[in-house]
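Trainee: I'd like to learn to read a model like this one feature by feature. Can we go through it together?

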Amino acid sequence: MEAEDLQPTGQSYWGADEYVRDGLIEAFIAAINPFIGLLLKHGVSHADMSEALKFAFIDAAEEDVLLPENLPTTDGSIGILAGLSARETKEYRHLERPSRSSVARMNMAATVLSAWHSDPEYTGPYGVPMELDFDGKRSFTTLVLKYAESFSPQEMLNELVRGGCAAETPRRTVRALRRAYVLEHLTPQVLNYLGKAMNNLANTLVLNSLELKPEKRRFERQLVAETGIAEDQMTNFLFLLKERGHKFLEELDSWIKEKEKDIDMLRKIGDETPKAYPGVGIYLFFDSDEQREIFWAING
């Protein structure tokens with residue numbers, strides 16, 4: 001099969017008709033809708049997301065499970081699946097992603113700022129971060145080279161100033177203004193967790209929608225208060241959820257730790273036991289009338 005045999009429009013190569021395509025698009029819009037306001041609030045435009053989605057579509061098209069049998073993984077074949085030209089696909093496949101470089105920059109900025117407040121070489125009495133010369137033996141430059149050597153000191157200074165975490169004085173010294181690198185409450189750790197949590201849930205939902213054998217589907221259930229509860233009972237509901245939910249996860253964690261001990265014992269005698277890395281999430285959400293109709297239509 002050649003790349004030209006694939007049709008980028010109309011019925012796809014795996015046989016999905018326009019109704020399925022339209023339904024998938026609607027489901028995707030519903031899934032990302034909570035993010036749109038967050039994106040706009042932080043200056044992420046439609047154009048920014050269009051660029052980011054090109055990377056996502058190329059990644060997905062590049063996975064073996066999406067390519068027809070015997071179709072070579074080329075810029076042309078991947079581009080047709082992703083709806084991009086071969087030239088554009090080639091350019092984006094070898095281009096550093098702005099999102100990745102931004103996350104790396106944020107993580108390194110957080111590391112540098114934390115070290116500035118904890119490394120005795122860069123702190124004064126009572127652990128107060130020193131005001132540092134930009135260059136020199138014990139300076140902002142040496143701090144950056146020690147904890148974020150992949151970034152230039154000037155780049156790091158720009159990042160910390162942009163985040164309101166540091167300031168440069170007229171004497172070319174650098175002063176720490178905050179201990180934590182925080183853009184409002186969206187720390188690098190929060191952003192990383194946000195992406196991973198949504199990815200984990202999406203993977204389970206997609207797998208379950210494609211898996212024909214019920215016994216191979218992953219556990220996923222939702223409970224909705226169909227007729228609602230009195231608002232003054234929400235405190236009790238939240239207490240019950242936190243108490244029982246936390247206890248349930250603790251039970252799973254204890255079970256996992258016991259099995260980890262077994263794996264460690266087997267490893268000592270040279271046993272190469274295959275390992276799996278399961279995870280479980282419990283979360284609270286609020287339902288609407290429209291969402292309730294969709295929920296019962298899916299779950300019957």
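Trainee: Let's start with a charge on a ring. Which ring does the charged end of Arg172 sit over?

Mentor: The ring of Phe134, with the charged end 4.0 Å from the ring centre. A charge sits over a ring if NZ of Lys or CZ of Arg is within 6 Å of the ring centre and within 35 degrees of the ring normal. One caution: this is a predicted model, where local features need pLDDT of at least 70 and side-chain atom pairs count only at pLDDT 80 or more, while totals for chains, interfaces and linings use all residues. Residues are numbered from 1 along each chain as its sequence is written, and side-chain values use heavy atoms, with hydrogens and water left out.

Trainee: And where is Arg172 found?

Mentor: Arg172 is in the loop between β2 (166–168) and β3 (173–176). Helices (H or I, at least four residues) and strands (E, at least two) are DSSP runs numbered from the N terminus. Arg172 has a positive phi of about 65°, although it is not a glycine. At 36% relative accessibility, Arg172 counts as partly exposed; buried is under 20% relative accessible area, exposed is over 50%, and partly exposed lies in between (1.4 Å probe, protein chains only).

Trainee: Which other residue has a positive phi although it is not a glycine?

Mentor: Tyr126, with a phi of about 60°. Its place is in the loop between α5 (98–118) and β1 (132–133). Tyr126 is exposed, with a relative accessible area of 86%.

Trainee: Back to Phe134. Which residues do ring pairs link into a cluster with Phe134?

Mentor: Trp116 and Phe140. A pair of aromatic rings is described by the distance of the centres and the angle of the planes. Rings of Phe, Tyr and Trp (its six-membered ring) pair if their centres lie within 6.5 Å; planes under 30 degrees apart count as stacked, over 60 as edge-to-face, and the rest as tilted. By this rule there are four aromatic pairs. One of them is Phe55 with Tyr92, which is edge-to-face at 5.1 Å centre to centre and 65° between the planes. That pair links distant parts of the chain, since Phe55 is in helix α2 (residues 46–62) and Tyr92 is in helix α4 (residues 86–93), 37 residues apart. Phe55 and Tyr92 are buried.

Trainee: How do the axes of α2 and α4 cross?

Mentor: Two packed helices are described by the angle between their axes and the distance between the axes. Axes are lines fitted to C-alpha atoms, for helices over the stretch in contact, and angles run from 0 to 180 degrees between N-to-C directions. The α2 and α4 axes come within 10 Å and cross at roughly 95°. So α2 and α4 are roughly perpendicular to each other; under 35 degrees would be roughly parallel, over 145 roughly antiparallel, 65 to 115 is roughly perpendicular, and the rest is oblique.

Trainee: Which residues of α2 and α4 meet?

Mentor: Glu51, Lys54, Phe55, Ile58 and Glu62 in α2 meet Glu88, Thr89, Tyr92 and Arg93 in α4; contact means heavy atoms within 4.5 Å. By class, this contact has three nonpolar, one polar and five charged residues. Ala, Val, Leu, Ile, Met, Phe, Trp, Tyr, Cys and Pro count as nonpolar, Asp, Glu, Lys and Arg as charged, and the others, Gly among them, as polar.

Trainee: What are the classes in the contact of α6 with α7?

Mentor: Geometry before classes. The axes of helix α6 (residues 140–147) and helix α7 (residues 153–162) come within 9 Å and cross at roughly 95°, which makes α6 roughly perpendicular to α7. Phe140, Thr141 and Val144 of α6 meet Pro153, Met156, Leu157 and Leu160 of α7. The contact has six nonpolar, one polar and no charged residues.

Trainee: Glu159 lies in helix α7 too. Is Glu159 buried or exposed?

Mentor: Glu159 counts as buried, at 4% relative accessibility. Leaving aside neighbours within four places in sequence, Glu159 is in contact with Arg105, Met106, Ala109 and Tyr181.

Trainee: What does Ile78 touch?

Mentor: Ile78 is in helix α3 (residues 75–82), and is buried, with a relative accessible area of 0%. Not counting residues up to four places away in sequence, Ile78 touches Ile58, Ala61, Glu62, Thr73, Thr89 and Arg93.

Trainee: And overall, how many helices and strands are there?

Mentor: Ten helices and three strands. Of the 300 residues, 22% count as buried.
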